[in-house]
Amino acid sequence: MELFGELAPSVVVGTAALAALYFWAAHRLGRRPRRRQVAAFVCALLVMFLALTGPLDELEDARLFTAHMLQHLLLTLVVPPLLLAGLPDWMLRPVMLSRPVRPLAAFFTKPLVAFLSFALIFTLAHHPLFYDLMCRNEAVHITFHLLFLTTGVMLWWPLLSPMAEFPRLSYPMQILYLFLLMIPMTAVGAPITMDRNVVYPWYAEGPHPWGISPIEDQVLGGLLMWVGQGLYMICVFTAVFRKWAQHEDRDNPPAERTTADVRILRPVRKPGV
Amino acid sequence: MAAQPKPLPVEGPHYLEGGGILGWLTTVDHKRVAVLYGVTALLLMLVGGTEAMLIRTQLMRPDNHVLTAAWYNQIFTMHGTTMIFLVIMPLETGFFANFLIPLQIGARDVAFPRINALSYWLFLAGAVFMHLGLVTHVLNLGTVPSGLPNAGWFGYANLTESQYSPGLNIDFWDIGLLILGVSSVLAALNFFVTIVNMRAPGMTFMRMPMFMWAILVTTILILLAFPALTVGLIFLFLDRFFGTHFYRVTAGATPILWQHLFWIFGHPEVYIMALPAFGMISEILPVFSRKPLFGYPMMAYSLVLIAFLSYGVWGHHMFATGMGPIADATFAITSMLIAIPTGIKVFSWIATVWGGRLRFTTAMLFALAFIIEFTIGGLSGIMHASAPIDLQQTDSYFVVAHFHYVLGGGVLFAILGAFYYWCPKISGRMLDETLGKWQFWLLVIGFNLTFFPMHWLGTWGMPRRIYTYAPGMGWSTLNFVETIGAYIQAVSFIVFFANILLTLRRGEKAAADPWDGRTLEWSVASPPPAYNFAVLPEGGSRDDFWVQKYGTLAGAHGGGSSAAGATAAAHAAAEAAEHIHMPAPSLYPLLFALGVFLMGVGALAWLRIVILGGMVVALSIIAMAFEYPAHGEEAAESEPVFYRGVDNRKAGMWAFLGSECVFFTALISTYMVYKSRNLAGPDAQILNIPLTSFSTFILLMSSLLMVLALAAFRRGDDKWGRIWLLGTAGFGCIFLGGQVYEFTDFYLQGLYMQTNIFGQTFYTLVGTHGFHVFIGVCWLVTLAIAGFLGKIDSKRSLAVEIAGLYWHFVDVVWIVIFTLVYLMRTVKHA
């Protein structure tokens with residue numbers, strides 16, 4: 001098995017085009033994205049590139065289910081948030097607010113629509129019927145990857161929207177949103193992990209790399225999608241909660257410390273006394 | 001500058017006064033409903049405790065025969081079921097949370113007062129129903145043997161199948177739990193909306209009392225966990241009453257379907273019981289330490305994190321089923337992760353107490369003991385999380401020790417602490433501290449004497465759920481010691497009940513703020529007036545009442561209860577009784593629950609009673625819907641209550657639909673797992689795709705009509721609104737007609753529910769969805785009739801909007817079902 005085969009031309013072209021578009025747009029609009037945003041955008045492209053071509057792609061073609069699941073998770077859970085973090089609002093506005101796009105953008109960034117679209121695409125993609133088609137037909141495969149990226153961006157929009165016109169959810173709703181996301185993710189990951197048979201015929205048909213049996217591979221891949229994804233989401237949730245607590249404390253400083261409280265570290269002096 | 005505590009002196013009737021028996025039966029006041037819950041749950045605690053004493057007496061000596069094996073099975077099953085579903089949950093959510101939510105967040109009542117009453121009456125109906133087996137057994141009614149449920153509190157199928165449990169025992173358990181599930185979900189929905197929507201204006205989430213945080217997270221857990229249990233119970237019901245094979249391995253069913261469904265519910269259930277206890281402790285410790293709660297944001301964070309994790313750990317109850325090493329390892333890791341948020345809590349509690357000015361009241365003693373006992377239970381929990389160790393401990397007394405430390409030493413201690421802490425507020429009288437301390441020390445000694453030796457017994461191999469054991473096993477001494485411990489606990493509880501009775505008779509009258517409390521419930525009189533707050537509080541800081549009393553370090557007063565404010569409030573209180581409009585009492589919740597009870601009884605006795613019960617239920621729903629003229633109105637004109645964001649009813653519908661998502665996910669997952677397990681007979685190839693595509697199209701179009709109907713009502717075009725509504729209902733009827741045709745067709749082709757695995761899962765899934773459509777059609781027709789009577793105008797379009805939410809949801813579910821069941825019907829034979 002060759003880990004560094006040829007680069008997939010579609011991926012190289014796509015990534016390059018996205019990068020070119022980003023810097024062209026910045027140049028055209030005469031503004032410079034913040035350094036953090038550029039870094040995020042470059043990271044997004046880098047992760048996308050590594051997910052779609054190179055060793056991971058080779059392993060996936062060599063019928064390693066786990067590699068394929070890792071690829072899907074990168075495309076849906078890592079690339080989209082990085083993309084959104086990398087896009088400044090002024091760069092999006094001319095496109096998103098243009099006459100044909102605006103109503104569509106307003107509809108597809110609605111949390112419920114975004115959530116359901118993502119859940120539908122993600123569930124369908126892992127149904128044996130479509131999954132097998134995806135493995136056998138490169139065009140279907142590319143289509144699904146593009147769908148993952150687009151619905152992924154939609155999914156993350158309510159959490160990371162850069163534009164006030166299509167705003168983020170409030171923090172508690174963001175947490176509920178993440179919580180509900182566990183339902184489709186578990187519904188996809190758990191049955192694959194628990195199944196005693198090879199779910200996708202594609203993996204039973206050919207040789208498997210490194211002498212892993214298809215069923216072991218399937219359990220590992222299923223777990224990656226179910227538990228790995230869950231742990232990732234917990235990290236996201238932690239970040240959201242932290243932002244929430246800080247935000248509320250900053251906007252309305254809590255006045256919970258009072259003179260009547262016992263203080264143990266050092267006596268606190270009243271200001272102005 | 002520390003102002004003296006200045007609780008508002010509110011003269012006038014408090015919530016317990018007046019009304020008579022009928023007043024209690026029709027009450028919708030959250031405080032009265034809470035008291036009903038509390039009294040019922042305390043009585044059931046006596047029942048569950050007596051069962052525990054019977055168990056311990058039987059196990060006192062080897063070869064003992066106080067109970068027969070059959071009775072022992074019933075007693076330990078009911079001990080577990082009673083303590084979990086009928087004592088701990090109702091005491092925490094039904095009693096304390098119900099009483100305290102509006103008082104702590106500064107509201108006058110819960111979001112849906114009648115649903116609150118309904119939850120209680122359903123709870124009572126379920127509790128009574130569970131115990132009916134005893135009546136039928138004693139009176140020797142019926143032709144089938146019966147008795148109390150006897151398959152353990154987690155009632156593993158296929159042990160509960162009629163083949164192995166032929167008596168009515170399991171039927172009482174199954175239907176009783178279904179009723180209790182409805183009650184819990186309704187209560188959770190109610191409390192969720194109340195906390196989210198009705199907090200005082202200044203009370204952001206990060207300023208809520210920690211108990212409110214705990215209850216908020218608990219309600220979400222209930223909403224998203226109970227549907228899985230409901231699905232499992234419905235399958236069991238179908239198996240036992242209609243001869244399906246959901247749990248019958250000989251017909252191809254998987255032997256662990258029940259375990260998956262039960263523990264997906266069951267592990268969150270552990271936190272449904274534990275989180276409110278965490279909340280109670282987090283209220284008691286700061287008050288008696290005279291310090292704010294340490295690490296408030298982290299405390300809230302860890303609550304939510306526990307909720308997150310609790311859905312990913314159910315497999316640790318199933319290590320012994322042989323899920324395979326990788327799944328075991330995963331569940332082991334996720335289970336161990338729970339130690340992190342729990343550890344955060346324990347350390348924060350310790351830090352809260354650290355250096356404080358402690359007052360060792362009984363409540364404080366229970367709270368401190370909670371930390372220790374719960375940590376012991378948590379440590380053995382980490383042991384279970386490791387799959388290889390758990391395989392040694394499964395079904396041994398080690399497990400019994402573990403969950404009694406968590407639920408008894410943990411949760412129950414917290415509940416008792418909460419009794420001593422909040423009883424003054426609830427009853428207006430102080431529980432006796434001397435008796436309380438007697439009770440505390442007796443309980444600590446008795447509890448540890450009973451349950452600590454179980455760790456050893458378990459390691460020495462004593463299995464749980466055996467009704468007796470042989471003399472030479474080396475277990476006799478410790479079992480004797482444990483029973484002595486249990487008797488000491490019994491004495492402790494006698495002291496507790498005596499304390500309550502004495503208090504109610506002639507306890508010391510409680511001031512409004514007897515403990516120098518920190519949260520808003522202490523700012524009103526004890527017991528509170530029916531309307532809770534004469535002037536709704538602002539709630540501008542954490543520990544709002546504390547800030548009101550003592551000001552902040554910066555000198556500013558928090559909530560605006562300065563001297564002038566207090567006078568104004570007193571004035572307002574004088575006029576409050578006349579001006580504050582509280583929800584009117586209603587008899588229908590009671591009737592509704594009665595109908596449900598009749599349906600349960602009818603299912604076991606005489607089918608015609610089911611129809612009678614169903615009619616009572618339907619009539620109560622309709623009566624409730626039209627009881628208030630304001631039905632569906634956007635917001636009453638002079639509503640003094642503060643709402644955030646969306647209307648309560650809409651928020652309630654969203655919460656309900658969230659719960660429904662889990663319900664359908666469980667059903668669909670079962671279908672997906674079962675469709676390839678067919679042994680014989682027709683399978684998914686029988687499905688008629690063209691016909692169903694047509695009805696799918698019709699259903700989608702009906703959603704469009706629904707949108708048009710809402711738009712019409714909103715712009716005040718009643719006529720077209722009614723037309724579109726009827727059109728939606730008509731399309732729904734066409735869909736249902738298609739389904740009736742489809743089912744008849746399959747039936748004629750020989751596919752019955754009982755035929756095979758495919759038949760039962762298909763009919764259950766699609767039929768359940770059809771039932772939802774049917775309910776939707778009834779709803780729409782009712783709305784259309786109301787429209788013809790001129791009761792729906794643009795001001796009341798909310799009623800249409802809520803029905804529309806439901807209708808669209810049902811359509812979306814159908815798209816998923818149509819895709820997964822019909823379009824992807826390829827059958828893979830393993």
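Where pLDDT is low, the predicted coordinates should not be read in detail.

Chain B averages a pLDDT of 88, and 92% of its residues score at least 70. The model scores ipTM 0.80 and pTM 0.90.

Residues are numbered from 1 along each chain as its sequence is written, while chains are lettered from A and ligands numbered from 1 in the order in which they are written. Because this is a predicted model, local features need pLDDT of at least 70 and side-chain atom pairs count only at pLDDT 80 or more, whereas totals for chains, interfaces and linings use all residues.

Select 20-506 of chain B as domain 1 and 651-823 as domain 2; these bounds come from an automatic or database domain assignment. The C-alpha centres of the two domains lie 37 Å apart. Their contact takes 26 residues from domain 1 of chain B and 21 residues from domain 2 of chain B.

Which element gives the largest share of the domain 1 side? H6(B) does, with eight residues. Helices H5 (169-197), H6 (210-242) and H7 (257-289) of chain B each give two or more residues to that side. Helices here are DSSP runs of H or I with at least four residues, and strands are runs of E with at least two, numbered from the N terminus.

Move to helix H10 of chain B, residues 339-353. Its buried residues are B:Thr342, B:Lys345, B:Ser348, B:Trp349 and B:Thr352; a residue is buried if 20 or more other C-beta atoms, placed from the backbone, lie within 10 Å of its own. They lie on the same side of H10(B) because they cover an arc of only 125° around the axis, the arc being that of the directions from the helix axis to the C-beta atoms. Their cover includes H7, helix H8 (296-310) and helix H11 (362-385) of chain B. After H10(B) comes B:Gly355, with a positive phi near 70°.

Finally, select chain A, which has 12 helices and zero strands. Of its 273 residues, 34% count as buried.

Conventions
Contact = placed C-beta atoms within 7 Å. Buried ≥ 20, exposed ≤ 12 C-beta atoms within 10 Å, placed from the backbone. pLDDT = per-residue confidence, 0-100. Expected span 1.5 Å × (residues − 1).
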